[in-house]
Number of protein chains: 2
Amino acid sequence: MPLYLDIHTKAEGITQEALEEAHKKDLEVQVKYNVRYLKYWYDIATERVFCLIEAPNKEAAEAVHREAHGMVADEIIEVTEGR
Amino acid sequence: MPLYLDIHTKAEGITQEALEEAHKKDLEVQVKYNVRYLKYWYDIATERVFCLIEAPNKEAAEAVHREAHGMVADEIIEVTEGR
């Protein structure tokens, strides 16, 4: 399954609690799209969030965020994990 | 120990082999700086590389790349891993 890293470049007003809540919703919704939100990292100061996702395609990854909480990423990049 | 995600936005001409070689050098050098390069992901098409790093500070993370192969990141962001 392809691997993606998404980037939210201006997640305005994010807090740790809001992100945890949003991520929980991703986990609830993702099954429907055959997607797995694996991990995420964030920087409150610069309002950025990075999600690592296994998904059949970009559209499926985006659909999960859209349905779960509406905060879609600014970019979704197909990546390979290095060895 | 702080966690960082670095972004190489234009890793020109990268190949999987070159990245594996560079990463191996990071692993050799990092001990000296008390740094751990944990994982990395890349996209050959857009010449981007993302490294996840545990380091005492940004400067130490950068010093490892500089000494190991000279390909320093364009940006190093302190991040928190989400739950």
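Between chain A and chain B there are 6 salt bridges, a salt bridge being a side-chain nitrogen of Lys or Arg within 4 Å of a carboxyl oxygen of Asp or Glu. Searching the whole structure gives 16 salt bridges over all chains. Please keep in mind that this is a predicted model, in which local features need pLDDT of at least 70 and side-chain atom pairs count only at pLDDT 80 or more, while totals for chains, interfaces and linings use all residues. Residues are numbered from 1 along each chain as its sequence is written, chains are lettered from A and ligands numbered from 1 in the order in which they are written, and side-chain values use heavy atoms, with hydrogens and water left out.

| Residue in chain A | Residue in chain B | Closest N and O atoms |
|---|---|---|
| Glu20(A) | Arg83(B) | 3.1 Å |
| Lys39(A) | Glu81(B) | 2.9 Å |

Helices (H or I, at least four residues) and strands (E, at least two) are DSSP runs, numbered from the N terminus. In general, side chains of opposite charge can pair when their charged atoms come close.

Now to the interface as a whole. Chain A and chain B each bring 22 residues to the contact, where contact means heavy atoms within 4.5 Å. About 2,000 Å² is buried between the two chains, with 54% of that area coming from carbon and sulfur atoms; buried area is the accessible area (1.4 Å probe) that two parts lose on being put together, summed over both. In chain A, the residues that lose the most area to chain B are Trp41(A), Tyr42(A) and Arg83(A), together 30% of what that side buries.

Polar contacts are counted too: 14 residue pairs between chain A and chain B, both residues at pLDDT 80 or more. A polar contact is a pair of N or O atoms within 3.5 Å; within protein, one must be able to donate a hydrogen and the other to accept it, and residues adjacent in sequence count only if both atoms are side-chain atoms. On the side of chain A that touches chain B, β1 (3-8), α1 (16-29), β2 (36-43), β3 (48-54) and β4 (75-81) of chain A each supply at least two residues. The largest share of that side, 6 residues, belongs to β4(A).

A closed barrel of 8 strands runs β1(A)-β3(A)-β2(A)-β4(B)-β1(B)-β3(B)-β2(B)-β4(A), with antiparallel pairing; two strands pair if DSSP finds at least two bridges between them.

Within chain A, 7 bridges join β2(A) to β3(A) in the antiparallel sense, with Arg36(A) having Glu54(A) as its bridge partner. These strands form a hairpin with 4 residues between them, and Glu47(A) in the turn has a positive phi of about 55°.

Within chain B, β2(B) and β3(B) run antiparallel and are joined by 7 bridges, with Asp43(B) opposite Arg48(B). They too form a hairpin with 4 residues between them, where Glu47(B) in the turn has a positive phi of about 55°.
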